[in-house]
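Take a look at the protein below. We will walk through it step by step.

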Amino acid sequence: YQRRVRDRVDQLSEISFLLDNALLLATTPMIFWMQAGFSLLEAGSVRAKNTVNILLKNVMDVSVLTPIWYVVGYGLAYGNGNGFIGLDKFFGLENSDYALFMFEWAFCSTAITIVSGATAERIQFPTYLAFSVYMTIIVYAPVCHWLWTAEGFLAKNKAIDFAGSGVVHLVGGTAAIISTMALKPRIGRFGRTGKEITGHSITLTTLGVWVLWFGWFAFNCDLLLLFLEKNGNSQRMLSRQQ
């Protein structure tokens, strides 16, 4: 009888694990679709002559981010290591990692895109791509490990970041502020009285807001990472993945 109970528990645990991963894979496209929202929002908020530049930045930061996240980023964020950084899972993933890899890849791209909007019309394209690499490896991945893994030192001190308020938004926002401070204001470029610079399309901006709004349903709700365990903790899921 006890053996049957153990078999049933194992079976239910496997079903729960599969449903959890199905949830991640189902919501990842919704989060990634937010890149379209950022593109529309930023394109409508800049002058018409800079539209191609801002759209290309949004496409290329994801294109550059993807192989880097696969080779080193995911390992630094979710590899087994210490309280500060992951030290394995480089250059490849285990079968149980792919769902979480895709889900967190979409989150990483969101954090980087925040900087794209803050530096619109102010930063050269090659510089922005170099920054995307730096942001992925040096900034985002370690912070992700601190908070969203069971061994992260902030997680061990009971810090909670459920919907990316710290890992995604605070990190992306702080990077955006530092970037604009480094760029400095263009004093005198537009004369003594200055010049009002406005976006060229309220239509694109509004459409971008609606696309982002749609993506938030997945972005916020599905960070629980669990489908069945009503009282579950995302740390248990992450520990299971590791």
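Which residue just after α7 takes a positive phi? Lys184 does, with a phi of about 65°. Helices here are DSSP runs of H or I with at least four residues, and strands are E runs of at least two, numbered from the N terminus.

This is a predicted model, where local features need pLDDT of at least 70, side-chain atom pairs count only at pLDDT 80 or more, and totals for chains, interfaces and linings use all residues. Residues are numbered from 1 along each chain as its sequence is written, and side-chain values use heavy atoms, leaving out hydrogens and water.

Now follow α7 itself. At 1.5 Å a residue, times one less than the number of residues, its 19 residues should span 27 Å; the end C-alpha atoms are 25 Å apart, which agrees. Its buried residues (under 20% relative accessible area with a 1.4 Å probe, protein chains only; exposed is over 50%, partly exposed in between) include Gly166, Val171 and Ser179.

Next comes the core. A nonpolar core joins buried Ala, Val, Leu, Ile, Met, Phe, Trp, Tyr and Cys residues through side-chain atoms within 4.5 Å. The largest one has 41 residues. Helix α4 gives the most to this core, with eleven residues.

Aromatic rings come last. Rings of Phe, Tyr and Trp (its six-membered ring) pair if their centres lie within 6.5 Å; planes under 30 degrees apart are stacked, over 60 edge-to-face, the rest tilted. The structure holds eleven such pairs. Tyr74 and Phe101 have ring centres 5.7 Å apart and planes at 75°, so they are edge-to-face. Tyr74 lies in α3 and Phe101 in α4, 27 residues apart. Both are buried.
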